[in-house]
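User: Please take a close look at one part of this model and describe its surroundings in detail. Then set that part in the context of the whole chain, giving the criteria behind each term.

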Amino acid sequence: MLHIEFTTDLGARVTVDVESPAQLLDTQRQYGRLGWTSGDVPSGGYQFPLENEADFDWTLIGARRWTSPDGEELVIHRGHAYRRRELEAVDSRKMKLPAAVKYSRGAKSTDPEHVREKSDGEFEYVTLVIFRGGKRQDRYATPRQNAQGAQPTQASRPAPQAATRPAPRPAPVAASADDETPF
């Protein structure tokens with residue numbers, strides 16, 4: 001039996017028992033949909049293969065996608081909004097890094113020092129997730145709607161039933177002044 005400790009969106013700590021390792025990710029998805037998180041974000045953020053970015057299942061880490069009123073795509077995690085940033089590949093004598101996609105936000109004074117990263121100038125930021133290199137892991141992808149791995153098509157959906165309407169009721173008779181309620 002495995003035990004996972006979650007922190008709810010209101011800060012309560014809850015321990016959940018999992019029967020087998022095969023059920024672990026499904027359990028994380030189930031409670032992650034509620035905004036519950038397990039563990040702390042590692043320094044530098046979670047790292048996943050770049051090929052998983054397009055259909056990553058954010059519920060695994062207790063996060064969700066959100067579109068701001070301005071139309072900007074963000075990820076919400078523990079009450080913070082993280083922006084998507086594309087990083088170009090680096091190929092120099094000192095460093096070689098493949099292209100990446102990073103979800104990060106500006107650091108706040110309440111953020112622990114070990115999660116803060118410095119950028120050019122005085123600006124600091126906190127990374128939630130970075131997608132870089134690696135081989136795609138299907139277990140991190142959002143689960144499909146059916147067993148064939150595809151979204152249901154219009155042809156496979158049952159035809160909607162014709163709605164039956166109740167018989168019309170006769171219009172109520174206007175009440176006289178004597179029939180009115182006293183309040």
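**Threonine 37 and its surroundings**

The side chain of threonine 37 makes a polar contact with the side chain of arginine 78, at 2.7 Å. A polar contact is a pair of N or O atoms within 3.5 Å; within protein, one atom must be able to donate a hydrogen and the other to accept it, and residues adjacent in sequence count only if both atoms are side-chain atoms. The model is predicted, so local features need pLDDT of at least 70 and side-chain atom pairs count only at pLDDT 80 or more, while totals for chains, interfaces and linings use all residues. Residues are numbered from 1 along each chain as its sequence is written, and side-chain values use heavy atoms, with hydrogens and water left out.

Threonine 37 belongs to the loop between α1 (24-32) and β3 (46-48); helices (H or I, at least four residues) and strands (E, at least two) are DSSP runs, numbered from the N terminus. With a relative accessible area of 3%, threonine 37 is buried, a term for values under 20%, whereas exposed means over 50% (1.4 Å probe, protein chains only). Beyond its neighbours within four places in sequence, threonine 37 is in contact with Glu5, Phe6, Thr7, Ile61, Gly62, His77 and Arg78, contact meaning heavy atoms within 4.5 Å.

Another loop residue, serine 68, is located between β4 (64-67) and β5 (73-77). Serine 68 also counts as buried, at 12% relative accessibility. From serine 68 to alanine 81 the C-alpha distance is 9.7 Å, across 13 residues of sequence.

Of its 183 residues, 30% count as buried. Among contacts between residues at least 6 apart in sequence, 51% join residues at least 24 apart.

Charged side chains form 14 salt bridges, each defined as a side-chain nitrogen of Lys or Arg within 4 Å of a carboxyl oxygen of Asp or Glu. In helix α1, arginine 29 and aspartate 26 are three residues apart and therefore separated by about one helical turn; their side chains meet in a salt bridge at 3.9 Å, N to O. Arginine 29 is buried, at 7% relative accessible area. Aspartate 91 and lysine 96, both exposed, form a salt bridge with closest N and O atoms 3.1 Å apart. In the salt bridge of lysine 118 with glutamate 124, the corresponding distance is 2.5 Å; lysine 118 is exposed at 61%, but glutamate 124 is buried at 16%. Shared partners join the salt bridges of Asp26, Arg29 and Asp57 into one network.

The structure also holds twelve aromatic pairs. Rings of Phe, Tyr and Trp (its six-membered ring) pair if their centres lie within 6.5 Å; planes under 30 degrees apart count as stacked, over 60 as edge-to-face and the rest as tilted. Phenylalanine 48 and tyrosine 140 are edge-to-face because their planes stand at 70 degrees, with ring centres 4.8 Å apart. Phenylalanine 48 lies in strand β3 and tyrosine 140 in the segment after β11 (124-132), so this pair ties together parts 92 residues apart in sequence. Both residues of this pair, phenylalanine 48 and tyrosine 140, are buried. Phenylalanine 56 and tryptophan 58 likewise pair edge-to-face, at 4.8 Å centre to centre and 80 degrees between planes, and both are buried. Ring pairs link Tyr46, Phe48, Phe56, Trp58, Tyr103, Phe131 and Tyr140 into a cluster.
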